[in-house]
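Here is a short report on side-chain packing.

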Amino acid sequence: MMKTKIFLLTTLLIAQVTFSQSKSRADRFFEKGDYLNAALEYEEDLNQEGYTKHILENISTSYYNIFKFRQAYRYLKTLTSGKFYDKDKTYDNTYNFMMYQVLSALGEYEKSIDFLSLYKTNNTIRDFSKSDAISIIEDFKLKDDDYTIKSVSFNSEASEFGAVKKDSIVYFTTDRNPYNPLDKNYKWTHRAFLDIYKVKVDQDNNPITKEESISKEINSKLHEGNFCFTADGNTMYLSKSNSEKGKKKFDSIHNNSVHLYKSIKVDEKWSKPEKLEFNNVNYSIEHPSLNAEETKLYFSSNMSGGYGDFDLYYVNVNQDGTYGKPINLGPTINTENREQFPFISNDGHLFFSSNGHLGLGMMDIFVSELRREEFTRPVNLGVPINSSYDDFSLSYYNKTDGFFASNRKKLGDDIYSFSQVGDIFPKEYRAYFEVRDFTTDNYIKNSDVVLLNNDNKMIYESQLDSIASFDLKIFPGRYNFKASAEGYRTRTKPLIVKEKEEETYVVYLDKSKSREEDVTFNEHGEQIKKTSNNDTITIVEHTIINSSDTKNRKEEINKERLREILLADKDGPPVIEKNGKLYFDMPPIYFDYDKWNIRSDSKKVLDKLALKLEKYKTVYINISSHTDSRGTETYNQVLSTKRAESTRNYLALVGYVNARRMQFVGFGESEPLINCDNKACTEEDHQINRRSEFEIIKF
């Protein structure tokens, strides 16, 4: 539920609407921030009044704020299509952004970008490209994981986020318990107000003491949220509801902002928090983070003069304990939407959450590298750190390990621990490229090669010698590798260069019957042949199996007899016949959402298949992989191909099955077992659609 949104009540996406008529019960709930009850009341109003613009706007916002995205989408779709009673069919542009967020959260990235494009256009942003946006999202969805993550064991049914580790103590924010039993609940969440807790943990972050309140001096009847410590652990900066003498302070329109406070620990006891001098009753200042030198304090604020909703700022921390004026981090970091939860690493790099930069949905976590005292263009951390829901409040406690929070599993927020296992900033890797004969696997001497990036800009061009190989240091990403040689068909192979040192990328060429043929491959793996007349012929075949090495081999068993043996052999994965074709009948090789790595539960299945293929050395198979329908069609096509390829690679590298006996193809979302266009699919339905199948194509 991302309870942290309490820190931006005054800028809740939609300006409050005033009415000439008396406010309804639903309107009163809505204006108080009780979105759960507001949504229920608006449902009743819809039954009585029908689809009016006002009700559609507020019920959409209510469901959005309590993370019921399917319900929010239902009413946003009606609103944005103009299917309501009011004569004026216009609506606030912010609902286009909300629609973009909701569709992203539901995995409908291609549809979501349409609304983001509309939102940008209405904001007079003319240089937005839908195709570029989709390509960017797909690229960081397909990149190798830079992190491993794990839900911490001290999560509860309540919300937990904002974890910071000092020595063996983890401090975090939660709404699990009220300050005292008689306190009122927070209207937005219908739970207790936020407090700061602590727990002692072992080296694996498992609790060894019971979680408890940090201090009665720190926590109050109102909200205490994100915080940071000085290096010695004796000073805390924290976000806290603006109050005096325990009572809320309101601005001119009766909003209670969030301010930054400071508390000092003396003799192991925290002092009563004191407001920092640059707070202002008219806006929020929240989410503090100190740089390593403790000379700059970073935070998020919706103060006037920024670029959008909430922006990131810093103030200089002076030696005399005073502070400079807030300085905006500028348009490289900030957008017209929301940037929050800054964290400054020991190297000075800026991690933060945003829904304004392109992401997987809702709030994503980004990082901006500090170079020559300036922050670079933010990089999306990708999966598994980010998801289609809210991901935020990342912090490191050493060079590679830390915590972040997400509501991907439930309505409340959970804390996840992480370990960084890859490079998060773009860097060049040494990559090797080869041109080989498809039949013999030998180098093709005197090959002509061209390497193009995704923008069709030439990266490398040369004629190779007898060792048809070259190496380059290049950035990971999409490339086109074109190779040609005398007597061979020209081929252009799309590549995704990985974040891996010394990876080898091979183009295999086939002997050409005619020197005038020019064959390339499109993004779906289909051959496109260009003749001397410049005609184009599409040949629908994804991989060519060369069987010349078996044609002259004496068959020890008659083909029909071998077919009978395969169907009768129940040792290992059995062979079955469907529609005149033979398949290995085995548990599907399932994949996690957005992933193509072989899961541990599937490795055992593939190990058994490898043993059976070793037993029948003349059997050739086709591995077909399928995705669920979430994500774009192009992305799912690429993802399914990578899944099929990783399955083939596992059988070849771990199971020692000759790779030439296996071809693979990705079908994307085109052949679902369960059609999710006609129903709202469950996670189990999507899992069934994410599968690999194994057809025997030769024996």
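Does N155 count as buried or exposed? N155 is buried, because its relative accessibility is 17%; buried means under 20% relative accessible area, exposed over 50%, partly exposed in between (1.4 Å probe, protein chains only).

This is a predicted model: local features need pLDDT of at least 70, side-chain atom pairs count only at pLDDT 80 or more, and totals for chains, interfaces and linings use all residues. Residues are numbered from 1 along each chain as its sequence is written, and side-chain values use heavy atoms, leaving out hydrogens and water.

**Loop residue N155.** N155 sits in the loop between strand 1 (147-151) and strand 2 (160-166). Helices (H or I, at least four residues) and strands (E, at least two) are DSSP runs, numbered from the N terminus.

| Partner of the N155 side chain | Distance |
|---|---|
| S151, side chain | 3.0 Å |

**Cores.** A nonpolar core is a set of buried Ala, Val, Leu, Ile, Met, Phe, Trp, Tyr and Cys residues joined through side-chain atoms within 4.5 Å. The largest has 47 residues; F69, V102 and I113 touch the most other members. Helix 5 gives the largest share, eight residues.

**Helix 9.** In helix 9 (residues 559-568), L562, R563 and L566 are buried. Viewed down the axis, the buried residues fall within an arc of 105° (directions from the helix axis to the C-beta atoms), so they line one face.

Definitions and conventions. A polar contact is a pair of N or O atoms within 3.5 Å; within protein, one must be able to donate a hydrogen and the other to accept it, and residues adjacent in sequence count only if both atoms are side-chain atoms.
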